[in-house]
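Keep the sequence and the 3D view at hand as you read.

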Amino acid sequence: MEVLFRKKYIASYTDFYMTLDKIKRKIISSEILPLMREKYKNKKIVFTSGSFDIIHSGHIVYLNKCKSLGDILIVGVGRDSVIKTLKGKDRPINPEDNRILLVAALQDVDYVIFNNETSGNKESAELDYLKNVSLLKPDVFCINNDNNYLELNKRSVESLRWEIQIETE
């Protein structure tokens with residue numbers, strides 16, 4: 001009985017690390033984005049962005065809606081400095097390395113990438129995803145309608161002539 005238990009435990013332990021490795025492979029860098037566009041040239045790529053500081057059911061529903069708009073969902077995650085600028089000195093609650101791993105673990109997310117550092121003002125912090133969007137050239141950019149800078153985001157993305165989708169809950 002003891003041997004069977006150990007074998008089962010070891011198999012589960014191995015499965016866990018194989019899964020963690022799979023999750024980590026979903027985390028990409030900005031240098032990869034132009035290659036992603038080429039790799040998925042016959043697929044509809046959706047990009048969205050956020051802080052994902054305290055992941056909750058609203059995030060899951062939102063990302064599911066984003067994924068339904070295309071074939072490949074790439075999510076930008078804000079850096080700690082950007083979250084602090086947007087949400088206050090006591091944020092983020094979870095450090096960026098934890099947040100990107102949690103988002104990568106979500107089923108609807110195909111890839112995840114850090115957004116860029118910004119100059120420190122709220123407008124530039126809100127648009128921390130622009131470099132990634134410019135490199136990727138997604139078919140759809142998805143924004144949640146509860147975004148405090150919704151109009152700024154709409155103008156920025158529309159100026160790049162990409163389809164913008166505003167998701168409601």
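Lys 89 and Asp 90 are both exposed. These two residues form a salt bridge, with their closest N and O atoms 3.7 Å apart. Keep in mind that you are looking at a predicted model. In general, side chains of opposite charge can pair when their charged atoms come close. How many salt bridges does a search of the whole structure find? The search finds eight, and the table shows some of them.

| Salt bridge | Closest N and O atoms |
|---|---|
| Arg 37 and Asp 139 | 3.3 Å |
| Arg 99 and Asp 80 | 2.7 Å |
| Lys 89 and Asp 90 | 3.7 Å |

Look up Asp 139 and Arg 37 in the 3D view. Asp 139 forms a salt bridge with Arg 37. Because Asp 139 sits in the loop between helix H7 (130-136) and S5, while Arg 37 belongs to helix H2, the pair ties together parts that are 102 residues apart in sequence. Asp 139 counts as partly exposed, at 28% relative accessibility. Arg 37, in contrast, is buried, with a relative accessible area of 18%.

Now move to the bridge between Arg 99 and Asp 80. Arg 99 is in helix H5 and Asp 80 in helix H4 (residues 80-87), so this pair ties together parts that are 19 residues apart in sequence. Is Arg 99 buried or exposed? With a relative accessibility of 0%, Arg 99 counts as buried.

Next, the nonpolar interior. In soluble globular proteins, nonpolar side chains tend to be buried together. Here the largest nonpolar core has 18 residues, and those with the most contacts inside it are Leu 63, Leu 73, Val 75, Val 103, Val 109 and Val 112. Which elements each supply at least two residues of this core? They are helix H3 (57-67), strand S3 (72-77), helix H5 (96-104), strand S4 (111-114) and strand S5 (140-144). A second, separate core has 15 residues, including Tyr 40, Ile 45, Ile 74 and Tyr 111.

Leaving aside neighbours within four places in sequence, Val 75 is in contact with Phe 47, Thr 48, Phe 52, Leu 63, Val 103, Val 109, Tyr 111, Val 112 and Ile 113.

Leu 136 is found in helix H7 and counts as buried, at 0% relative accessibility. Not counting residues up to four places away in sequence, Leu 136 touches Leu 33, Met 36, Arg 37, Ile 45, Phe 47 and Ile 74. Leu 136 and Ile 74 are 62 residues apart along the chain, and their C-alpha atoms are separated by 9.5 Å.

Finally, find Ser 30 in the loop between strand S1 (27-28) and helix H2 (33-39). Ser 30 is buried, with a relative accessible area of 15%. Which residues does Ser 30 touch, not counting those up to four places away in sequence? Ser 30 touches Ile 113, Lys 131, Asn 132 and Leu 135.

Notes: Residues numbered from 1 in each chain as written. Predicted model: local features only at pLDDT ≥ 70, side-chain atom pairs only at ≥ 80, totals over all residues. Heavy atoms only, no water. Helix = DSSP H or I, 4+ residues; strand = E, 2+ residues; numbered from the N terminus. Buried < 20%, exposed > 50% of the residue type's maximum accessible area, 1.4 Å probe, protein only. Contact = heavy atoms within 4.5 Å. Core = buried A, V, L, I, M, F, W, Y, C linked by side-chain atoms within 4.5 Å. Salt bridge = Lys/Arg side-chain N within 4 Å of Asp/Glu carboxyl O.
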